[in-house]
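Please look over the structure below before reading on.

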Amino acid sequence: MARAGRLTSGAARIVAAWTCPEAEVSVRWHAPDECFEPEANAAPTGLPLVDLVLGKVRHHDVQGTHLAWWPATLPSHREVAAAHLLPYLLPSYWSPVLGDEVTRLVRAEGPVGSALALLLARMLADPRRPEEVEPVLELAARGELPAAELGRQLALLLRVGRVRMGELVTGLDTLAREGGHAQAWQATAAALPLLLPATGKRPRHGLAGLLALATTLATWCGARGEIPEVRDTAARAGSSDLVREARRLHALLTAPKEA
């Protein structure tokens, strides 16, 4: 790419424009309709097809028959490819997005961010496809998994009712027991602040189970560092399962490390 960028011919400029643009991808969640909108932005290259692909994300194929093309279309921009798959993540379109497409994205190149993390989060918490932990593990093994963003997207999916707490806990537990315990802890630590109830609010059903898993993961990883939302929950009056588990986790995270 660097060599193509130094050439001056028209063909070289086309190659450079195709391979070199840096695209910024974001996923914005909207309330109160509880939907998300992926965006891919890049400086115009002057190539119509490239500018279309790196521009506004839309439903290009309502039936989802061409979804398998995206990883091969943008093998060095997997986050952009993931953004183009996200419109099919909506409930009525979820079925076309299968593990093969996301696995191909995992094995491609380029930055990883909120778009691919959202796809991985939905797959990880899908009870119909327990094998979908494999792409997450593969990305983790390559040192490329955005674990905190994965946890954040899991929490957002749960908050809008796209996944259930039991499915979320099972997915993270499976990830940990298959070797990704450090990444599972990072994801859980990022999800908890979004899921723990504010003062006066009722907790979500099953949240104590997520806290219990967090304590197990933190123990395995030797994690330390106070999480304010866990601290506040631990300080609540009473002895509910939620409060007890929050106190266990808070005590562990604030205890001095053993020499």
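**Packing of two helices**

In this predicted model, helix α7 (residues 114-124) packs against helix α8 (residues 133-141) at an angle of about 135°, and their axes are 8 Å apart. Angles over 145 degrees would count as roughly antiparallel and those from 65 to 115 as roughly perpendicular, so α7 is oblique to α8.

- On the α7 side, the contact is made by L116, L120, M123 and L124.
- On the α8 side, V133, P135, V136 and L139 make the contact.
- Sorted by class, the contact of α7 with α8 has 8 nonpolar residues, with no polar and no charged ones.

**A residue in a strand**

- Strand β2 (residues 35-41) contains A40.
- Is A40 buried or exposed? A40 has a relative accessibility of 1%, and because buried means under 20%, A40 counts as buried.
- A40 and V80 are 40 residues apart along the chain, while their C-alpha atoms are separated by 6.3 Å.

**The nonpolar core**

- The largest nonpolar core has 75 residues.
- The residues with the most contacts inside this core are L119, L120, L150, W185, L210 and L249.
- Which helix gives the most to this core? Helix α10 (residues 165-195) does, with 13 residues.
- L120 is among the residues with the most contacts in the core, and L120 also takes part in the contact of α7 with α8.
- Leaving aside neighbours within four places in sequence, L249 is in contact with W185, L192, L211, A214, T215, A218 and V230.

Methods. Residues numbered from 1 in each chain as written. Predicted model: local features only at pLDDT ≥ 70, side-chain atom pairs only at ≥ 80, totals over all residues. Heavy atoms only, no water. Axes fitted to C-alpha atoms, helices over the stretch in contact; angles between N-to-C directions. Helix = DSSP H or I, 4+ residues; strand = E, 2+ residues; numbered from the N terminus. Parallel < 35°, antiparallel > 145°, perpendicular 65-115°, else oblique. Contact = heavy atoms within 4.5 Å. Nonpolar A, V, L, I, M, F, W, Y, C, P; charged D, E, K, R; others polar. Buried < 20%, exposed > 50% of the residue type's maximum accessible area, 1.4 Å probe, protein only. Core = buried A, V, L, I, M, F, W, Y, C linked by side-chain atoms within 4.5 Å.
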